[in-house]
Amino acid sequence: MDTEKKDCSVGEYFVKRRVLDELRLDEVAQKGTWSTKPTLGERLKESLRCSVPKLKHTLLSWIPVLSWLPHYSIRENFIGDLISGCSVGIMHLPQGMAYALLASLRPVFGLYTSLYPVLVYFIFGTSRHISIGTFAVISIMIGSVTERLAPDIDFPANGTNGTDLDARDAHRVEIACSLTVLTGIFQILLGVVRFGFVVTYLSEPLIRGYTTGSACHVCVSQLKYLFGVKPARFTGPLSLIYTLVDICRLLPETKVPELVVSLVALSVLIVVKEINDCYRQKLPMPIPIEIIAIIAATIIIHFADLTTKYNIDVVGEIPSGLKAPRAPDATLFSDVIGDAFAIAIELVALGLSNTVGGFFQCYSVTSSLSRSLVQESTGGKTQVAGVISSVIVLVTVLKIGSLFSDLPKAVLSTIVFVNLKGMFKQFLDVSLLWKTNKVDLMVWLVTFTSTILLNLDLGLAVSVGFSMLTVIFRTQLPRYSILGHVSGTDLYLDTDTYKEAKEIPGIKIFRSSTTIYYTNAEMYLEALQEKSGIEIGKLLTAKKQRKAVSRLSNDTFSEMNERNKGQVNEAYQHDTTVSDSDSETGYHGDNSINKVSQRGNEEKKRAVRSGTHSIILDISTTSFVDTVSVKTLKNIFRDFGEIDLDVYLAGCQACVVEQLEAAGFFSESIPKSRLFVTVHDAVLHILKKLGDTDFVLDVSCSTEM
């Protein structure tokens, strides 16, 4: 291929090459027919082959700690991991206890959840910076299941109207563990079959709308601790609204001491966290205000004996030591399978942490953004930081946990409230999406509303379904354009958008903004007729009429000739006026035939505006074709060809060409020479074919034909 280089100092380029259709492109670019992918048999054979290098590779891929721990540099990494681990461990303590309340479990189980799964992730995890542990959204999802399957009314106390709290809490732990193990099993199975791509269908507006709605659930669930009231428990759709209404009804019964504790703790937490944000560049590490608040509140409540005086609700006994592992109750799997799958989607790649943790009375974990940021910003280098944070939690569980028995639940609830700040700031997405993308705004609003009204599980399902519908509607409502040439370039742009884009006389260039497939193939054909002004149905009907008229005309003339011969013979014997009458009748019949033919020609002239003789379909946006789109393109070539219009394809990707070949698209009537690399190549081919000297493309590149 001939190319010519010229001075590009002014930002211009000049190209001299031949017009390339698909056949010439295969020749010039040397398209290969080889395949770099192994066949199914070769892959199966390779998977069954066993060797020491392969065994080592498999072992290191499944147990990543074996690949990086032997090369761990104590000099370079340990100090940073130590500081980071201590910082995160200090955060684990208050957050673990606080989020356990969201799961309707005792605080000690939040500490367990901050211990075992972190150790498992140290062995099997790959990320060096994320912090595994409790998370508000997952905790509230667990809590919705434990409260649904173990409500207070199922555990009446002997001889009283109260609740047997020990029996209730023990059963809730069994439920949470069974749910966690089943969630972990789902995650492992999804990971083995490489099903992680499903997360790509959870768009950012969907995730942010869902977490914002979840934050509202978390907030409402903690109001009872702030005000010291005991609302009724509601389940199912609108349960959040019912709970909020019930709390408002109980406001006159607010326990003032607990409200004061909540307000003081909330004020201190907010102020110090704002200081951390403002001076995060100067502080070596964030002020651990959460653990400070817990320690201070515990000391004040204990030595002032406020629990006895004002009946403040406290955490209660926190047992020291670790629990022996035990298998979860498998009979509960059928009751929590739907919830387990919903949580698994949120927690892809953490299956082993959840599966193992479930045996040690932990509930589901995921990464926490706030702890992950602290872990990275304080110098964390590897997963060793997670082990160090686990040591801090372990020491607390073994020796220190019992000292927090007088910790007010109101203080834990304020910690939850303050940590929801980032989620509530996502309400600002509404104004941003209103300006940038209305469809994403609809996804956000529908997700948020469904999460609020239908609870977390149904809300997630509805939001995913709605998000998929928006994708479908976007492909069914593409933008169709007629392209025009921009003088001095080889560009072809939408004539409705660009003033300088001018249509080339006799050539219609049509483009769709999305892939052509079965859901929009019919609309593609309709838009092509509308945009080009060529009503193919009417033209085909007119052509059939002309053919019928032509056949009728031939039959009539044949019959007239036979008649005239007979009439001439009779004229010798009888009167010759009959011949004149018949001739006149035959003339009028021929005239009516001509009129029908003229109407057909007028219809063609009216429909094919500006003398259109060629149509170029720019399918550069098409990424795949199915049987319906192939059939549609075939019909376009056939129908437009019947009315003497040439159709060409341009900008077809190599993978689409292969699919067209496999579908038997190319034939004698549709050769590969009708497929061009670019729209410009197709235009130049058409103009050369027609020998059009009246219209000259003013382009900055010279093209050798």
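The exercises below, each with a worked solution, concern a predicted model.

Residues are numbered from 1 along each chain as its sequence is written. In this predicted model, local features need pLDDT of at least 70 and side-chain atom pairs count only at pLDDT 80 or more, while totals for chains, interfaces and linings use all residues, and side-chain values use heavy atoms, with hydrogens and water left out.

**Exercise 1. Determine what share of the protein chain is buried, and how many helices and strands the chain has.**

Solution. Begin with the secondary structure, in which helices (H or I, at least four residues) and strands (E, at least two) are DSSP runs numbered from the N terminus; the protein chain has 28 helices and nine strands. Then turn to burial, where buried means under 20% relative accessible area, exposed over 50%, and partly exposed in between (1.4 Å probe, protein chains only); of the 705 residues, 43% count as buried.

**Exercise 2. Describe the largest cavity by its volume and its lining.**

Solution. On a 1 Å grid over the protein atoms alone, a cavity is a set of points where a 1.4 Å probe fits but cannot get out, and lining residues have an atom within 4 Å of a point. Grid points are joined across faces, edges and corners, and a volume is the space filled by probe spheres set on the points. The structure holds one cavity of 30 Å³ or more, and the volume of the largest cavity is about 110 Å³. Its lining comprises 16 residues, with Val118, Ile130, Ile132, Gln375 and Gly386 nearest the centre. Helix 5 (74-102), helix 7 (116-124), strand 1 (131-133) and helix 18 (384-400) each supply at least two lining residues.

**Exercise 3. Locate Asp305 and Asp644 and state the phi of each.**

Solution. Most residues other than glycine have a negative phi. Asp305, in the loop between helix 13 (289-303) and helix 14 (306-310), has a positive phi of about 55°, and Asp305 is partly exposed at 35% relative accessible area. Asp644, in the loop between helix 26 (627-642) and strand 8 (646-650), has a positive phi near 65°, and at 59% relative accessibility Asp644 counts as exposed.

Terms used
1 Å grid on protein atoms, 1.4 Å probe; cavity = no way out; pocket = protein on both sides within 12 Å on 5 of 7 lines; lining within 4 Å.
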